[in-house]
Amino acid sequence: MQSLQRRMPPEARRKQLISAAMRCYGELGVERAGHGDIAKLAGVSTATVFNYFGTREALTETVFQSIYDTFADVFPVDTYSKSYPKDPLKDLASTYIDFVEDHPDILKVVLNWSSSFGQSVRPQYLKFQDWILSGVQKSLHAAENDLSESRIILAAAYSYARMKLDNTPEDVLQRFVVRTIKAMS
């Protein structure tokens, strides 16, 4: 167990706790990780975590909002059509490959969240999924009422993330991306 950490400025402590929560939610599960797990990982008391996030719901909402914010920064939904003008599928895939490399803890949470069916988190995931699908649809310049291509791409993206997180060799990952793009073209 880590020794308890000294005082930090409140905003730095909050960021530290969100990072620890992201890791815990990814490793233990969205519906299982809690204040005590986060405290242990962050090297603080459970009371400190409760001081920043008074309820499990507040903690979970903060983790989910952090995921939204990170995705929005990397994949600006409102400007997708402008962001990927030439070859949207290849450009989107390239951005996603970098995202998987840079944000493994976030992807672990998203993958876990996508398979959580508890009443408290499933509606939130479905809202997130709709937001992602809409962004992918915009990036592909697809018809507004047809999300089928977006769903295929999201499934492939989740498969790629799992493979990367499972340390699949790079040549296998590259072949997967090339074949997915070819199949979608």
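This is a conversation about side-chain contacts in a predicted model.

Guide: Residues are numbered from 1 along each chain as its sequence is written. Because the model is predicted, local features need pLDDT of at least 70 and side-chain atom pairs count only at pLDDT 80 or more, while totals for chains, interfaces and linings use all residues, and side-chain values use heavy atoms, with hydrogens and water left out.

Visitor: Why is the pair of Tyr68 and Phe128 called edge-to-face?

Guide: Rings of Phe, Tyr and Trp (its six-membered ring) pair if their centres lie within 6.5 Å, and planes under 30 degrees apart count as stacked, over 60 as edge-to-face and the rest as tilted. The centres of Tyr68 and Phe128 are 5.2 Å apart and their planes stand at 90 degrees, so the pair is edge-to-face. This pair links distant parts of the chain, since Tyr68 is in helix H4 and Phe128 in helix H8, 60 residues apart; helices here are DSSP runs (H or I, at least four residues), numbered from the N terminus.

Visitor: What makes the pair of Tyr96 and Phe99 stacked?

Guide: The ring centres of Tyr96 and Phe99 lie 6.5 Å apart with the planes at 25 degrees, so this pair is stacked. Both residues are in helix H6, three residues apart, which separates them by about one helical turn.

Visitor: How do you know that Lys164 counts as buried?

Guide: Buried means under 20% relative accessible area, exposed over 50%, and partly exposed in between (1.4 Å probe, protein chains only). Lys164 has 18% relative accessibility, so Lys164 counts as buried, whereas Glu170, with a relative accessible area of 43%, is partly exposed.

Visitor: Why is the contact between Lys164 and Glu170 called a salt bridge?

Guide: A salt bridge is a side-chain nitrogen of Lys or Arg within 4 Å of a carboxyl oxygen of Asp or Glu. The side chains of Lys164 and Glu170 meet at 2.6 Å, N to O, and therefore form a salt bridge by that rule. By this rule the count comes to five salt bridges.

Visitor: What makes Glu27 and Arg23 a salt bridge, and where do they lie?

Guide: The closest N and O atoms of Glu27 and Arg23 are 3.2 Å apart, so the pair meets the rule of within 4 Å. Glu27 and Arg23 are four residues apart in helix H1, separated by about one helical turn. Arg23 has a relative accessible area of 38%, and is therefore partly exposed.

Note on methods: Helix = DSSP H or I, 4+ residues; strand = E, 2+ residues; numbered from the N terminus.
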